Amino acid sequence: MKKSKKMLWPLTLLVLLVFALAACTKEQPNLNEKAQAVPAQQAVSAKSLQQEGKKITKDTKIALISEFTSGTHAAQYITGVTKAAKKAGVQLSVSDSSNDQSKMAAYLDTAINQNVDGIMIDHGRAETLEPGVKRAIAKGIPVIATDVELKVEGVTTIDQDDYMLALQGLKQMMQDINGKGNIVYAFVGGFAPMEKRDSIYKIMMNRYPDVKQIATFGSATDNTSLDTQNKMAAVLKQYPNKGDIAAVWAPWDEFAKGVTRAIKEAGRDEIKVYGVDLSDEDLQMMKAKNSPWKASAAVNPASVGEKQVDLLLKKISGQEIPRYYSFDPVLVKQTDLPNQTINMDQLSQYVEEWGKKE
């Protein structure tokens, strides 16, 4: 009997093991059922991956919608955009709206309808552009804007730090005129960069109560420089005596070029001009004999264009980029420049800070 009981134990254990395995098997999900549940999850993941980015190829299409391309500063910005697109090997289309807001909105709609891979916006009015930008974002088209404040989720905004641009130039102007005298202000509203620069101007005018604004004018046209020159010439006739005007604050190089030409033609070289932005032509005008243009705060416009393309392509390819990107401006003074003619590429040889900035 003892021997039989010993023989029964292995059999009992075997039976218990079989029941345990059967129970465990029932608790496990059916392999076919699991396989049927996976595709829905995989579909979500695939969709997410598709939204994360596309490969940049020669078939990648990007569009630049610009409010205007007139003026040397704008031209050098376009050069930067074109250079960066060519280097990346992508297709670029440029639309010049010639300061027409309705055209700008129409060009934006066209780019969206053409299913471009990415859109760049240069200047413009937020109220005009935001409806189209929202459609682009909803369609999965990345948008990178410069010099316009778009309150649309997902849009990256590039600026030249317009507050610092204005502060640098105005500080130099106030210092050079000893914080007193009559000044002329060239200004046009409605542009995000101008509005920001104007806010600093107002602060500085409060800071220096002995400085008085006696005239203001400005408009953005197809020939802003010439229009500004004519308006400044009229102001000079109103204030014909030396000492009537100490300086001109012209926070756009098209303004600065116009007032500089008017002052030189009138023989009023005692008036000092301070501006914002630089180009090859601006450098030549600053260094010309008896030039009233004393200083200009600026960021390399070509670098802005190159960075805008760089950020857009990163966004298209699924890389994370900042919501805001702001350049560090540099104040370039007339006394920094050599006697010979130089261009923007050579400027870092004479202004050390320029070479350290993008």
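**Note on the sheet and overall fold**

1. Start with one residue pair. Ala145 sits opposite Thr157, a residue of strand E5. This is a predicted model.

2. E4 covers residues 143–146 and E5 covers residues 156–159. The two run parallel and are joined by 3 bridges.

3. Now place E4 and E5 in the sheet. It is an open sheet of 6 strands, with parallel pairing. Reading across, the order is E2-E1-E3-E4-E5-E11.

4. Which strands stand at the edges? They are E2 (91–96) and E11 (324–326). Each has a single partner strand, so one side of each lacks a neighbour in the sheet. From one strand to the next, the twist averages 15°.

5. A helix packs on this sheet: H11, residues 301–316. H11 touches E1 (61–66), E3 (118–122), E4, E5 and E11.

6. Step back to the whole chain. Its secondary structure comprises 12 helices and 12 strands. Of the contacts between residues at least 6 apart in sequence, 73% link residues at least 24 apart.

7. Last, burial and surface. The chain has 358 residues, and 46% of them are buried. Its accessible surface is about 18,700 Å². Carbon and sulfur atoms account for 52% of that surface.

How values were computed:
Residues are numbered from 1 along each chain as its sequence is written. This is a predicted model: local features need pLDDT of at least 70, side-chain atom pairs count only at pLDDT 80 or more; totals for chains, interfaces and linings use all residues. Side-chain values use heavy atoms; hydrogens and water are left out. Two strands pair if DSSP finds at least two bridges between them. Helices (H or I, at least four residues) and strands (E, at least two) are DSSP runs, numbered from the N terminus. Axes are lines fitted to C-alpha atoms, for helices over the stretch in contact, and angles run from 0 to 180 degrees between N-to-C directions. Contact means heavy atoms within 4.5 Å. Buried means under 20% relative accessible area, exposed over 50%, partly exposed in between (1.4 Å probe, protein chains only). Accessible areas come from the Shrake-Rupley method with a 1.4 Å probe; for residues, only the protein chains shown count as cover.
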